[in-house]
Amino acid sequence: MISLSFVVMPPKIALVGIPIETVPLQDEGYVICAYIPGMTTQARELIVDKAKKQGILIEDLKEVYLGEHYEVGYNIDRLDGIPVGLKNIVKAVDMKKLEEARKQILEKSKGYDLIVAVGASHLGAIILYEDNDIVARLDYHTDFKDKENLVYGFNSYMDWVKQNIRNLDVTNYFAKPAKNDPIFGRLASDTNDKHYTSANHFDIDVDCFDLRYFIQDVFKHEKGSSGVTPETVLSMIREAKLNKLGIWEYRPSRDSNKAGLDFIVNSIIAATSN
């Protein structure tokens, strides 16, 4: 009798950082959507190290190229921002370079079972969007203004998605728009809306989580608590078959008890274990 044995290969997982941050100008009332080299280094290192300790190997593709490297020379905090006099130290995002990075990452993603993107600004999420995606978008906000010729950046990246991606199916979970706020795609009333089970792409803003988890402290839940737990989202991911996972608005310095880091690694495990 011939005995056949099969070797189950571990999933190929890649991680990429999108080095963009929303930088408020103190006393000016507006923000710069800036390219900050090294912005995701700490987050990527933490994710790769924690995953490795759990037996999950992740290839770190480093940060996408958004321009020549430069030294910021100032500790930029998302809430504190920078003094107006220092506004020239940061470089605004070049959308053409971001769009080119998107094409390169999507091409690379074909060689992996799962590609994970992480960044502090949700604008970076366009890096994973492509034609014919089925997206579960998890966010307290809509990030959509439904305007032409918009300067993309703070709270508007879904306008770029609408104008550039074809045949897209997006279901928004946990969003709490005001009565007349536009929203791109459908708005799920709760997780009983099972569109997420068909999703190949989860686009997650960590501000969707209930604030008691202290995963972020930048955005308050001004329209009422989301009530969302990490386990709720992990259970959604387990029911889907993902090849793309974006984690946005994640800043290790504002992940007080590392619940966000735990969630990210657990979401990678959940996405590759079914």
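A nonpolar core is a set of buried Ala, Val, Leu, Ile, Met, Phe, Trp, Tyr and Cys residues joined through side-chain atoms within 4.5 Å. In this predicted model, the largest such core has 44 residues, and a second, separate core has 41 residues. The largest pocket has a volume of about 480 Å³. Two individual residues, Asp133 and Ile269, are also described: Asp133 is buried, whereas Ile269 is partly exposed.

**Nonpolar cores**

- In soluble globular proteins, nonpolar side chains tend to be buried together.
- Within the largest core, the residues with the most contacts are Val90, Leu98, Ile127, Tyr129 and Val161.
- At least two residues of this core come from each of the strands β1 (13–18), β2 (20–24), β3 (31–35) and β6, and from each of the helices α2 (95–109) and α3 (157–164).
- When neighbours within four places in sequence are left aside, the contacts of Leu98 are Ile18, Ile20, Leu66, Val93, Leu123, Ile126 and Ile127.

**Largest pocket**

- The lining of the largest pocket comprises 27 residues, and those nearest its centre are Gly38, Met39, Asn75, Ile76 and Ser253.
- Two elements, α1 (41–53) and β6 (114–119), each give two or more residues to this lining.
- Helix α1 makes the greatest contribution to the lining, with three residues.
- By class, the lining consists of 12 nonpolar, nine polar and six charged residues.

**Asp133**

- Asp133 lies in the loop between β6 and β7 (134–138).
- Its relative accessible area is 2%, and Asp133 is therefore classed as buried, the limit being under 20%.
- A polar contact of 3.1 Å joins the side chain of Asp133 to the side chain of His201.
- Beyond its neighbours within four places in sequence, Asp133 is in contact with Leu128, Asn167, Leu168, Asp169, Asn200, His201 and Lys244.

**Ile269**

- Ile269 belongs to helix α5, which spans residues 259–271.
- Ile269 counts as partly exposed because its relative accessibility is 26%, which falls between the limits of 20% and 50%.
- Apart from residues up to four places away in sequence, Ile269 touches Gln54 and Ile56.

Terms used: Residues numbered from 1 in each chain as written. Predicted model: local features only at pLDDT ≥ 70, side-chain atom pairs only at ≥ 80, totals over all residues. Heavy atoms only, no water. 1 Å grid on protein atoms, 1.4 Å probe; cavity = no way out; pocket = protein on both sides within 12 Å on 5 of 7 lines; lining within 4 Å. Points joined across faces, edges and corners; volume = space filled by probe spheres on them. Helix = DSSP H or I, 4+ residues; strand = E, 2+ residues; numbered from the N terminus. Nonpolar A, V, L, I, M, F, W, Y, C, P; charged D, E, K, R; others polar. Buried < 20%, exposed > 50% of the residue type's maximum accessible area, 1.4 Å probe, protein only. Contact = heavy atoms within 4.5 Å. Polar contact = N/O pair within 3.5 Å; in protein donor to acceptor, adjacent residues only side chain to side chain.
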